[in-house]
Structure formats: C-alpha cells, structure tokens
Number of protein chains: 2
Amino acid sequence: MKIDELLGRTGEWLRATGPMSDVVISTRVRLARNVSGYPFLTKATSDKRDELADLLKRGIQAAVKEHKWSYFDITRVGELDRQMLVERHLISRQHAEAEGSRGVSVSPDETVALMVNEEDHLRMQSIRCGLQLEQVWEEISGIDDLLEQRFEYAYHPRYGYLTACPTNVGTGMRLSVMLHLPALKLTNEIEKVLRAARDMRLAVRGLFGEGTEATGDFFQLSNQTTLGRPEEDIISDFRSEILPKVLEFEAAARQALVRERPVALDDKIWRSYGILQNARSISSEETLAHLSHLRMGIHLGRFREIDLKTLNELFLMTQPAHLQKQTGNRLSGEDRSVARAGYIRKRLNRE
Amino acid sequence: MKIDELLGRTGEWLRATGPMSDVVISTRVRLARNVSGYPFLTKATSDKRDELADLLKRGIQAAVKEHKWSYFDITRVGELDRQMLVERHLISRQHAEAEGSRGVSVSPDETVALMVNEEDHLRMQSIRCGLQLEQVWEEISGIDDLLEQRFEYAYHPRYGYLTACPTNVGTGMRLSVMLHLPALKLTNEIEKVLRAARDMRLAVRGLFGEGTEATGDFFQLSNQTTLGRPEEDIISDFRSEILPKVLEFEAAARQALVRERPVALDDKIWRSYGILQNARSISSEETLAHLSHLRMGIHLGRFREIDLKTLNELFLMTQPAHLQKQTGNRLSGEDRSVARAGYIRKRLNRE
C-alpha cells in the first residue's frame with residue numbers, strides 16, 4: 001500500500017462501533033521490546049541503528065508476509081505524511097520527529113502498527129474501536145509470539161523484558177483506553193474522576209498520548225505499572241475496576257444533564273452544529289470541541305442531523321495533515337482554518 | 001388604539017430605510033417643557049400632579065384630535081405593557097417606573113411621543129429611522145407650536161425654557177442619533193471615536209439612552225449643551241461636524257475589514273447566523289450582538305439569507321416585554337431565553 005491510499009480510509013479504531021462506544025472511543029495496547037545483543041538506541045551508533053532497522057523490517061515482513069501489510073520507511077516519508085500517520089495513531093509524535101533509520105509496519109485494517117527504532121527497538125500496538133481489552137491483547141500477543149520466533153528479545157529472568165526507559169521494564173505493556181467524557185466535563189465533575197484515576201496509578205493524557213494534555217472532552221487512561229504485575233492482571237484491573245467506575249460516572253452525568261438541564265444540553269449540541277455549519281474559519285481544537293458535543297447528542301438520541309460515520313470522518317479528516325493532504329498542498333495555520341471550515345460546511349450542508 | 005395593537009407593528013424608526021441607515025439607526029429629538037404657574041413635579045402635591053396630567057392630556061387631545069393619536073394613562077398600564085413602551089422608545093425607563101399621574105400620547109406611526117409628567121411636565125419627542133435631523137426637528141417644532149397655543153410654558157427671557165433639571169434649561173432640547181458601529185468595535189477603534197465625541201461635548205450612551213451603558217455595537221450620541229446655543233446651531237453641529245466624521249470612520253473601518261480581513265468578517269457574520277438558527281436558549285444581549293453582525297453583513301452585501309425587514313422585526317420582538325406579550329404570559333429570565341431562541345429559529349428557519 002502506498003501511504004496516500006490511507007487518506008480515503010478510516011482506520012478500524014475510528015469506526016465507533018465497538019462495545020461501549022458511546023464512551024470508549026478506542027482501546028489500545030502496546031508492547032516494548034528490544035533485540036538481545038544490540039544496544040539500546042540511545043547508545044547505538046548510526047550503523048547499528050541502520051542494521052537494526054533492516055533486521056527488524058525483514059523479520060516483520062517475513063513473519064506477516066501473507067497478510068498484505070505495509071512497511072513505511074519513515075526516513076523516506078515526507079513531513080505531511082508523517083504527521084498523517086500520527087493523526088491516525090499509527091506512529092507516535094516522537095517517532096515522526098526523530099532522526100535516523102526507523103519505520104513502521106501497518107496491518108491492512110490499521111489495527112496493528114509495529115514501530116521500528118522508536119524509543120525501543122520495537123514498539124508494537126494493537127488499537128481497536130470501543131472497549132476491546134481482550135481482543136487487542138490477543139492480537140498483539142499473537143504478533144509478539146510470531147516475532148519472538150525470529151528475534152531473541154532482551155529479557156531478564158527476574159525483571160522481565162528490558163526496555164530503554166526503566167518505566168517500561170517488566171511486561172513492557174501499556175494498556176490504554178481513549179474515553180469521551182463530555183458530560184463529566186460539562187457538570188464539572190471531571191477533575192474528581194481524573195483524580196480518582198491518578199490515585200489508581202493510571203496516567204491521564206490527551207488525544208495523542210504521552211506529552212499531550214488532557215484538554216477538551218477526550219481523555220486517555222493508561223497503566224503506569226509494568227513491573228511485578230502480569231499482563232492479565234492489568235487487563236483485569238481495567239475490566240473490573242477502572243472502566244466500570246468511569247463509565248458509570250459518565251452515564252450518570254449524562255442522565256443528570258438530560259433530566260435536569262435538557263435545554264442547556266440541547267443548546268450546547270445545536271450551537272455546535274450551527275457553528276460547524278456556518279463558520280468560515282475554524283481551528284482543529286474548536287472543531288474537536290464541537291464534534292464532541294454532536295457525538296454526545298447522537299449517543300443520547302437528541303441529535304440526528306448526521307450519523308456517526310460522518311462524524312468520525314470529520315474527526316479524522318479535519319486534522320491538520322489530513323486536511324492538507326486533501327487540498328494537495330501545505331497550508332499556513334490560517335489557510336488551514338479556512339480550508340477546514342470549508343470542508344466541514346461541505347460535509348454538513350451537502351453543498 | 002389599544003396598547004396590544006402596538007405588538008403586531010414596527011414603529012417608523014425601526015424601518016431602517018432612512019438616509020444613512022447603514023450606520024444611523026434613528027434620529028431623535030426631545031423638548032422639555034413646563035407649564036407656567038405650576039410647580040416642578042418634584043415640588044408638586046399629588047393633587048397638583050393629577051391636575052397637571054388632566055390638563056395636559058386634554059390639551060394634547062384637543063391639539064391633535066384629527067390625527068387618531070393614542071393616549072395611554074401609564075398608571076393604568078400593566079408592567080409588561082410599560083416595558084413594551086420602553087422597548088419601542090415611546091417612554092423612558094424612568095417614566096415606566098415612576099409613580100403618580102402620568103401618561104404618554106403617541107402618534108399613529110409612533111414618530112411622536114409626548115410624555116406627560118415625566119421629569120418635566122412635558123417631554124416631547126420625534127424619532128425617525130436613519131439620519132433625519134431636520135425632519136424630526138420640524139415635526140416636534142410643529143407640535144411644540146400647536147401646544148404653545150394652549151399652554152403658557154415656563155420661560156425666562158434671558159435663560160429660555162425653564163426645566164426641572166438645570167442641564168436642560170435654555171432650549172430644553174436633546175438631539176440624539178443612534179449609531180450602529182460594529183466595524184469600529186471589531187477593529188478596536190471605537191474608544192478613540194467615543195473619546196472624540198466626548199471632547200465635542202456629546203454624551204455617549206447605550207440603546208436606551210440615559211442610564212444605559214454603551215455596550216455592544218450600538219451607541220447613542222446626544223448634545224449636552226442646551227443653554228446659549230439656538231436649536232438650529234445644535235442641529236447644524238450634528239449635520240456638518242459630528243456625523244460626517246463618525247460615519248466616515250465607520251465606513252473606513254468596514255472597508256478595511258472587507259479589504260484586509262474578509263474571512264474574519266464573514267466568519268463573524270455566519271457564526272452569528274448559525275447560532276441564531278440553532279440556539280435553544282439565548283439572552284437578549286447575545287441576540288442583539290448577533291443581529292448586529294447580520295445587519296453589518298446585509299449592509300456590506302455579504303449576507304443575503306434574511307432581509308432588513310425580518311432583521312428589524314427580530315430586533316424589536318426579541319426584547320423581553322415584546323417576547324412575553326407574544327407568548328401571552330410573564331416568563332422567568334430562563335424561560336424567556338428559551339422562548340426567544342424558539343421565536344428566532346421559527347423566523348430564520350421558516351419552521
């Protein structure tokens with residue numbers, strides 16, 4: 001697959017059809033692995049780094065050859081395309097902006113992405129729409145097993161998998177869920193919930209994970225402990241402890257809004273729709289805030305002007321790189337805002 | 001005419017068809033007069049006040065009898081109706097809220113309103129749409145002559161007309177123009193212009209004159225000097241000095257917006273339209289701000305979704321008392337905001 005072919009598609013995780021998808025946007029797991037006998041990348045010479053990239057690329061391609069996976073050599077991918085991969089959650093910002101040999105292997109439906117030479121030699125992720133804890137774990141576990149047949153991972157019998165940063169040593173696993181919590185935000189209860197999440201030793205982040213702030217109505221919760229707890233226990237914590245509580249809080253907040261402030265709720269939803277339908281210039285942050293209101297409106301059955309499919313496409317396509325890829329050229333921030341408003345109007349007004 | 005009949009009509013001054021109506025909403029002149037031999041109202045007994053009200057009412061009715069004028073006895077007018085008269089600029093807020101015998105006589109097209117027992121025994125106004133300095137002056141001057149045949153005004157050969165408050169002694173005239181200055185506001189030049197107006201000894205006020213702040217995009221400029229300058233000189237100052245400057249500044253600011261920030265300008269206009277079309281709850285202040293943008297859009301030829309007639313009706317009918325009169329009952333502030341949003345949606349979406 002050529003990278004441009006991604007543009008016309010929506011990755012599986014954005015389909016918003018999975019379980020609990022009224023609150024859970026996506027579930028993601030990633031494993032950090034390093035190949036035994038090679039230095040961590042911070043210590044690797046340029047030659048060693050090239051050698052690793054080549055080794056891992058060939059290993060991955062051999063392991064998944066039947067499946068029409070794509071491999072993108074990030075050093076040969078333009079800046080706009082790198083940014084597009086970030087917006088699709090296929091690579092991290094750090095991977096996009098780094099230097100030296102590196103790449104990513106992507107499964108046809110974009111559920112699996114294997115970053116080569118990110119912070120660790122291998123960062124493998126599975127990401128799916130809605131709440132799919134077991135599914136992403138089984139998928140990445142299977143890939144991990146396949147690759148383990150080809151590489152000897154750096155592993156310590158007592159500590160577990162060895163990683164470039166000590167915070168990942170052990171399972172090397174980071175499980176995360178992206179949550180849409182507009183009602184907790186509107187009722188000013190969000191801080192309480194996020195504090196409780198932090199007390200459960202979870203990291204709270206924004207839409208693009210590490211280094212992005214939890215602004216707007218979207219919050220990523222992920223485990224911080226990788227040492228001393230097996231993967232199944234971490235998954236079980238999410239399944240039985242963490243998610244039921246957050247989902248219940250958000251559901252209660254939504255019902256309270258419907259019961260006690262239906263007019264204020266509809267006003268929020270419809271104003272957002274009116275602004276999206278009419279703005280002549282709009283930032284991606286503002287777009288996201290309005291789309292968030294529409295999403296809540298759709299899930300509460302109070303807004304039917306557009307369907308979830310259109311909404312999800314708007315989420316994806318109004319991001320800076322996707323927008324510029326469509327217009328075919330690089331745009332300044334101001335021109336992007338104009339192009340974004342034009343794209344949204346076209347989609348919403350069926351112009 | 002019964003007071004309820006006002007509701008379905010738009011007063012002449014709101015037709016927005018007069019000269020310079022892209023910037024000048026309306027021109028208004030008022031004269032303060034007192035009847036010789038009667039004390040000022042602050043010193044009048046209740047009996048004297050009743051006697052005056054009766055005398056003036058009969059005098060006015062006799063003077064204008066051919067013309068189907070209405071006389072409203074404010075003591076018999078309900079609170080909502082009094083507020084409606086204020087919103088139509090037929091009486092002052094002070095007159096609405098005062099106590100004791102008082103009234104107002106209104107000409108059929110609402111251009112003339114004669115308040116009886118306001119601060120002075122008689123407050124006569126003529127108000128017309130657009131810039132009509134000479135027309136309002138001639139109209140009120142004619143009425144003044146008619147009434148002077150029936151009453152002897154309190155007049156001092158050296159000072160001129162005597163009034164309850166010394167700031168009105170002399171001509172007793174207050175000439176004012178209501179200006180729509182959205183571009184000066186958007187370009188942050190409004191303060192400079194208002195300062196210049198104050199330097200010319202003009203009072204700068206809000207939509208409802210004395211005691212209301214100049215907020216939003218609407219500003220009332222009026223003369224402060226009533227002593228030592230004949231009426232014609234004050235009119236001539238407005239005609240030749242004050243208005244050309246302000247109109248030129250606003251026109252230049254609008255052209256600068258069109259030339260330098262056309263997208264930001266259209267964005268403002270269209271977002272306002274989108275919000276008005278979709279809000280489920282909206283205050284009168286916010287409504288006014290959005291209608292102001294649409295008005296500018298219409299006059300700049302950049303917005304054609306609604307015409308000026310609809311816009312002016314929205315200006316009038318979304319005010320608190322007009323809104324409640326339409327729904328037929330008194331509403332809390334919150335319910336008014338919901339009713340207002342509903343009324344606007346109906347008008348804009350032709351629901």
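1. Basis of the model. The structure is predicted, with local features requiring pLDDT of at least 70 and side-chain atom pairs counted only at pLDDT 80 or more, while totals for chains, interfaces and linings use all residues; side-chain values use heavy atoms, with hydrogens and water left out. Residues are numbered from 1 along each chain as its sequence is written, and chains are lettered from A and ligands numbered from 1 in the order in which they are written.

2. Relation of the chains. Chain B is superposed on chain A by a rotation of 180° with 0.1 Å of shift along its axis, at an RMSD of 0.0 Å (least squares on the C-alpha atoms of residues with pLDDT of at least 70 in both copies). The two copies are thus related as by a two-fold rotation axis. In chain B, the C-alpha nearest that axis belongs to B:G274, at 2.1 Å. Of the interface residues of chain B, 100% are also interface residues in chain A, so the copies meet through the same surface.

3. The sheet of chain B. Eight strands make an open sheet with antiparallel pairing, in the order β2-β3-β4-β5-β1-β8-β10-β9. Strands are DSSP runs of E with at least two residues, and helices are runs of H or I with at least four, numbered from the N terminus; two strands pair if DSSP finds at least two bridges between them. At the edges of the chain B sheet stand β2 (70-73) and β9 (202-205), each with a single partner strand, so one side of each is left without a neighbour in the sheet. Neighbouring strands are turned by 20° against each other on average, direction ignored.

4. Strands β1 and β8 of chain B. These two strands pair in the antiparallel sense over seven bridges, and B:T27 stands opposite B:V177 in β8(B). Helix α9 (residues 284-299) of chain B packs on the sheet, touching β1, β8 and β10 (218-223), and its direction makes about 75° with that of β8(B). Contact means heavy atoms within 4.5 Å; axes are lines fitted to C-alpha atoms, for helices over the stretch in contact, and angles run from 0 to 180 degrees between N-to-C directions.

5. The sheet of chain A. Chain A has an open, antiparallel sheet of eight strands in the order β2-β3-β4-β5-β1-β8-β10-β9. Strands β4 (residues 112-116) and β5 (residues 122-129) of chain A pair over five bridges, with A:V116 opposite A:L122. Helix α1 (residues 46-63) of chain A packs on this sheet, touching β2, β3 (103-106), β4 and β5, at about 155° to β4(A).

6. The cavity. One cavity of 30 Å³ or more is found in the whole structure, and the largest cavity has a volume of about 40 Å³. A cavity is a set of points on a 1 Å grid over the protein atoms alone where a 1.4 Å probe fits but cannot get out, and lining residues have an atom within 4 Å of a point; the volume is the space filled by probe spheres set on the points, which are joined across faces, edges and corners. The lining consists of B:S26, B:R28, B:H89, B:I127, B:S176, B:V177, B:M178 and B:Q220. Strand β8(B) gives the most, with three residues.

Methods: On a 1 Å grid over the protein atoms alone, a cavity is a set of points where a 1.4 Å probe fits but cannot get out, and a pocket is an open set with protein on both sides within 12 Å along at least five of seven lines; lining residues have an atom within 4 Å of a point.
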